[in-house]
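User: I am new to this structure and would like to go through it step by step. Could you help me read it, beginning with whatever term I need for the strands?

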Amino acid sequence: WSLVLPPDMRLLASSCQEPNVLKGSLTNAGTHGTRYVFVGLRGNVMSRWQHVLTVKPGLLSGKVSTMGKKSRVKIQKSGSAATTSVSSKEMMILVSELLQKCSSGGPTAGKEWEEYLQIRGLVEKIRKKQRGMSVEFEGRRDDHFPHLMSWARDHGASCEGFAVTNFGAEGYGLRATRDIKAEELFLWIPRKMLMTVESAKKSVLGPLYNQDRILQAMDNVTLALHLLCERANPASFWLPYIRTLPQEYDTPLFYEQDEVQLLQGTQAVQDVLSQYRNTARQYAYFYKLIQTHPASSKLPLKDSFTFDDYRWAVSSVMTRQNQIPTEDGRQVTLALIPLWDMCNHRNGLITTGYNLEDDRCECVALQDYKKNEQIYIFYGTRSNAEFVIHNGFFYQENAHDQVKIKLGISKSERLYAMKAEVLARAGIPVSSIFALYCNEQPISAQLLAFLRVFCMKEEELRDYLLGGHAINKIVTLGSMEFPVSWDNEIKLWTFLETRVALLLKAYKTTSEEDSSTLEKSELSPHSRMAIQLRLAEKWILEKALASGRAKRVHFQKQLEEGAPLPDYHESSIALLENTDAKLPIILHKLGEIQEGQEIQFEETGARVENAAFEMDPGANRLALKPEPRDPSEETNVNSAALDPLGTNSKNGQREVTRVSAGAI
């Protein structure tokens, strides 16, 4: 048979010998006909052709396409509206308006929600115009897992001992098909299977990458566009992997407006609003770039690049990216790691590494797994806010959950210079984002040290600067064992009590009200996640409040009884070698963030000293610490002046935030 397409429809199939002509042969046709779907482009709009081949004795009729089951796609259903034709000029006006809105100076304090509503309104106008233009694969996600496994096996990955399984609320994950021992190597994936920034440079995206400094500075955005280009290519090497990715995610980028509103008052809401703003800004920038830049003329995104497409790609990368060494081993690059990224999260230790000798990712078992048990990995020491924002799930048993608290010493304070000097000697900035933790000791050594200096009197400051054993005193600032004075301890715990109480008052609901709401069955999954996060923050603050109150009462009693202070004059660095209070403290290495920095996601160069892996003693393997950066948080795209490192370039490098791989 042969089929001639209408002259105004451009062919998307890559295997055609003649322009707009499809040819093929008929085999194993059913007696009631076979339905085929063809997707092509008319102008800039995706169009759908559907025909039925009817088989009758001695007669063939109808028209068919050559795309076949493996490459078949369907137009995304969005509401009940049909595909809408939108002029390039009309879309460019809307996108330019969105870019201008997102690239202006950040909102003033208290106006963040208002700005979010304005940006969201523009995005929804664009999404409405683009309804029906996004492309997704036909069939269910699990239809494609057998092909993923055979593809992985054909290209050298381990595929024995586990299977991809749906675990209900946890989503898809890996199930052991035999007993697996703790620390047993059970999964490896060779480099050629990975989607990386390096493979992006060699792909159809390469010419644009070579000429756009935003892409060059933002590896994760490069990876997101690389993913979109490969998804649109029916001959892509990675198609067996891409077909198994979720069609939607549970990151806040997919929340409805009322679901985002449930996060109002939480520590996470500013990051959520910033994530949406930056995603919208990036989409608008790259939409214009793809439509106008000569180097983008061959991109498959040129005729159909929707906000929903970009949101999907951002979330795919955000929930799955990891850092691996480049082929020469001298730098790091971002990668998507098929199959391994199906593992879900559990508390534990990093068990994935990169074997430089065999040039592959390797994963050992976190614990003993019996046959049919789910296999987990540890994503890293992330808070639930980070899990919700960047991975799209809430982890109830999170042993590393925390709440941020911003503290600083005013320059107008009379003792500012002395306090700043003591803090500098301890390696602590005068203004920083600290953390309150969910465990029994809610504050870190560096936060304790900061609060002690914050509450010091002039004579105490002089003693820590000029007195005898001043070095030892600086060293002991972060140790619970060596108070500055009973009065200083009372002041710092009283201050912490007051500050935490104010943070609790910022919430519009109580813990009891949140707990009661969570008992309702009609909550949407996103609403439930938002309320769980809100409640978890309150529990951490309430625990910190109770701990502060108990400490204050204890030290008041010590003062009233005239108890002697511990003899810290004879202490030494050796005394603290096995504690977390050893100073000076390198703050950014311990998770605290200096004033002037964004709380998360400064762009970082791919340099070995900032690598997210380290040598595993005794083996030629690098330990992977899953650490994705959110593509939506990493650039300040401005139509007039493009800053390749985003709004935070003045702050230089940062240690990358820990992240996950994970299949939700």
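Analyst: Two strands count as paired if DSSP finds at least two bridges between them. Please also keep in mind that this is a predicted model.

User: With that in mind, which residue of S18 does His345 stand opposite?

Analyst: Strand S15 (344-345) is joined to strand S18 (residues 374-377) by two bridges, and these two strands run parallel. Within S18, the residue that stands opposite His345 is Ile377.

User: What is the order of the strands in the open sheet of four strands?

Analyst: The pairing in this sheet is mixed: S15 and S18 run parallel, whereas S9 and S10 run antiparallel. The edge strands are S9 and S15, each of which pairs on one side only. Read across the sheet, the order is S9-S10-S18-S15.

User: Which residue in the turn between S9 and S10 has a positive phi?

Analyst: Strand S9 (residues 162-166) is joined to strand S10 (residues 172-176) by five bridges, and Val164 has Leu174 as its bridge partner in S10. The two strands form a hairpin with five residues between them, and the turn residue with a positive phi, about 70°, is Gly168.

User: Why is S9 described as largely enclosed by the rest of the structure?

Analyst: A residue is called buried when its relative accessible area is under 20%. S9 is largely enclosed because, of its five residues, the number that are buried is four.

User: How many residues of strand S17 are buried?

Analyst: Arg360, Glu362 and Val364 point one way from S17, while Cys361 and Cys363 point the other way, and all of these are buried. Strand S17 (residues 360-364) is therefore largely enclosed by the rest of the structure, the count of buried residues being five of the five.

User: Which residue of S17 is the bridge partner of Leu185?

Analyst: Strand S11 (residues 185-190) pairs with S17 in the antiparallel sense, over five bridges. In that pairing, the partner of Leu185 in S17 is Val364.

User: In the hairpin of S16 and S17, which residue takes a positive phi?

Analyst: Strand S16 (residues 352-355) also runs antiparallel to S17, with four bridges joining them, and Tyr354 stands opposite Cys361. Four residues lie between the two strands of this hairpin, and the residue that takes a positive phi, near 55°, is Asp359.

User: Which strands stand at the edges of the open sheet formed by three strands?

Analyst: The three strands follow the order S12-S14-S13, with antiparallel pairing. S12 pairs with strand S14 (residues 332-336) over two bridges, and the bridge partner of Met195 in S14 is Leu336. Each edge strand has a single partner strand, so one side of each is left without a neighbour in the sheet; these edge strands are S12 (195-196) and S13 (322-325).

User: Turning to the helices, at roughly what angle do the axes of H3 and H11 cross?

Analyst: Helix H3 (residues 112-129) and helix H11 (residues 269-292) have axes that come within 10 Å of each other, and H3 passes H11 in a left-handed crossing. Among the residues that meet are Trp113, Tyr116 and Ile119 in H3 and Leu273, Tyr276 and Ala280 in H11. By class, the contact has nine nonpolar, one polar and five charged residues. The axes cross at roughly 35°.

User: How far apart in space are Pro207 and Lys298?

Analyst: Pro207 has its place in helix H6 (residues 206-211), and its relative accessible area of 39% makes it partly exposed. Pro207 and Lys298 are 91 residues apart in sequence, while in space their C-alpha to C-alpha distance is 9.5 Å.

User: Finally, what share of the residues in the whole protein is buried?

Analyst: The protein has 20 helices and 23 strands, and it exposes about 29,100 Å², of which carbon and sulfur atoms supply 51%. Of its 664 residues, the buried share is 53%.

How values were computed: Residues are numbered from 1 along each chain as its sequence is written. This is a predicted model: local features need pLDDT of at least 70, side-chain atom pairs count only at pLDDT 80 or more; totals for chains, interfaces and linings use all residues. Side-chain values use heavy atoms; hydrogens and water are left out. Axes are lines fitted to C-alpha atoms, for helices over the stretch in contact, and angles run from 0 to 180 degrees between N-to-C directions. A crossing is left-handed if the near helix is turned anticlockwise from the far one by less than a right angle, and right-handed if clockwise. Contact means heavy atoms within 4.5 Å. Ala, Val, Leu, Ile, Met, Phe, Trp, Tyr, Cys and Pro count as nonpolar, Asp, Glu, Lys and Arg as charged, and the others, Gly among them, as polar. Buried means under 20% relative accessible area, exposed over 50%, partly exposed in between (1.4 Å probe, protein chains only). Accessible areas come from the Shrake-Rupley method with a 1.4 Å probe; for residues, only the protein chains shown count as cover.
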